[in-house]
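Visitor: Hi! I have a chain to look at and could use a quick tour. Could you put it up for me?

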Amino acid sequence: MAASGTLSTFRLPPLPTIREIIKLFRLQAVKQLSQNFLLDLRLTDKIVRKAGNLTNAYVYEVGPGPGGITRSILNASVAELLVVEKDIRFIPGLQMLSDAAPGKLRIVHGDVLTFKIEKAFPESLKRQWEDDPPNVHIIGNLPFSVSTPLIIKWLENVSQRDGPFAYGRTQMTLTFQKEVAERLTAGTGSKQRSRLSVMAQYLCSVQHVFTIPGRAFVPKPEVDVGVVHFTPLTQPRIQQPFNLVEKVVQNVFQFRRKYCHRGLGMLFPEAQRLESTGKLLELADVDPTLRPRQLSISHFKSLCDVYRKMCDEDPNLFAYNFRDELKKNKRKNQEKEDDRKSYGL
Ligand code: SAM
């Protein structure tokens, strides 16, 4: 492990190109694993520049593949780079990079969805939450099928200050399908405003830093790619448990074209729906005829705060799920229908 606090400027020695590495180690992309590689080192340098100043930083790269972004990170004078790659075929090529950057690159053959980064870097890097972000960064170009569930998991970690955020407000620079990047950063009223926008923006400052055209990848994906930078906020804009915020936001956006009272109503059992929804909206001071995408983070804050109070008053409320009630009603109706038929009615 590189010694913490040692300032270094470092450039990798001349190496085969990424294209040559792919040929040398027969690293053809596996379509089922949505592998799309970046071969242009100017683009990988740009992604890494957008992560901020990495001098002497500890960086966690997720899904390095043939190592394009990995090279750019190593050239940014980091103290240490830890990469986690699931596909074993990439390990020998990454080992070649490790040999070219002695003591700087740690390679883990594993899965980012289960890897515990909170134990991987020195304790001394930890910062108080309110301090400036620690010198720890996450960077990655993952398959879209992994990056979306992973960001939800990491947002929950931000809210609990654990996982990668045990070090403090660790910054992340990640790629997403362009539409997802737009949703993550969409402001109040915008067409792309969605559940992801609210969940990301109540916890982080989120920036869509640039778009990479699909043609820059090999093989070319069907969509363009957005690079998104996240910095956790010192104070979350909604101070309620993640699963409560998620429940309110999810209910609102399930009827995204209707007035917001429609989705909010589903937080309550049918028998009390009208009354409780009215109470929630009134106490939160939210206009029931706003559409979900017109709700700001402060609207969501008021809704979550009032819903929390209602849950504290009625301990069964949080566990209520309207889909279970629907299923139960359907079953009851079916039984009635079966009874009617058996009596020949
Ligand atoms: N970072 C490389 C680049 O930009 O050229 C590769 C990008 S490719 C879209 C995604 C990489 O993530 C692949 O190497 C794939 O094997 C790896 N990967 C996919 N799922 C993973 C997981 N759950 N954990 C670790 N790596 C994963």
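**Touring the chain**

Guide: Happy to. This is a predicted model, and 68% of the contacts in the chain between residues at least 6 apart in sequence join residues at least 24 apart.

Visitor: Nice. What does the secondary structure come to?

Guide: The chain has twelve helices and nine strands. Its C-alpha atoms fill a box of roughly 80 × 50 × 35 Å along the principal axes.

Visitor: And how many of the residues are buried?

Guide: Of the 345 residues in the chain, 39% are buried.

Visitor: Which domains does the assignment give?

Guide: Domain 1 covers 18-232 and domain 2 covers 242-326. Taken over C-alpha atoms, their centres are 34 Å apart.

Visitor: How many residues does each domain put into the contact?

Guide: Twelve come from domain 1 and twelve from domain 2. On the domain 1 side, helix H5 (144-160) and helix H7 (195-201) each give two or more residues. H7 gives the most, with four.

Visitor: What classes of residue are on that side of domain 1?

Guide: The side of domain 1 that touches domain 2 has six polar, three nonpolar and three charged residues.

Visitor: Switching to the ligand: which residues come nearest?

Guide: There are 24 residues around the ligand, and Gly63, Gly65, Lys86, Asp87 and Asn141 come nearest. Strand S1 (37-38), helix H3 (68-74) and strand S3 (80-85) each give two or more residues to that shell.

Visitor: And the shell by class, what does it have?

Guide: The shell around the ligand has 14 nonpolar residues, along with six polar and four charged ones.

Note on methods. Residues are numbered from 1 along each chain as its sequence is written. This is a predicted model: local features need pLDDT of at least 70, side-chain atom pairs count only at pLDDT 80 or more; totals for chains, interfaces and linings use all residues. A residue is near a molecule or strand if its C-beta atom, placed from the backbone, lies within 6 Å of it. Ala, Val, Leu, Ile, Met, Phe, Trp, Tyr, Cys and Pro count as nonpolar, Asp, Glu, Lys and Arg as charged, and the others, Gly among them, as polar. Domain bounds come from an automatic or database domain assignment. Two residues are in contact if their C-beta atoms, placed from the backbone, lie within 7 Å. A residue is buried if 20 or more other C-beta atoms lie within 10 Å of its own, exposed if 12 or fewer, and partly exposed in between; C-beta atoms are placed from the backbone.
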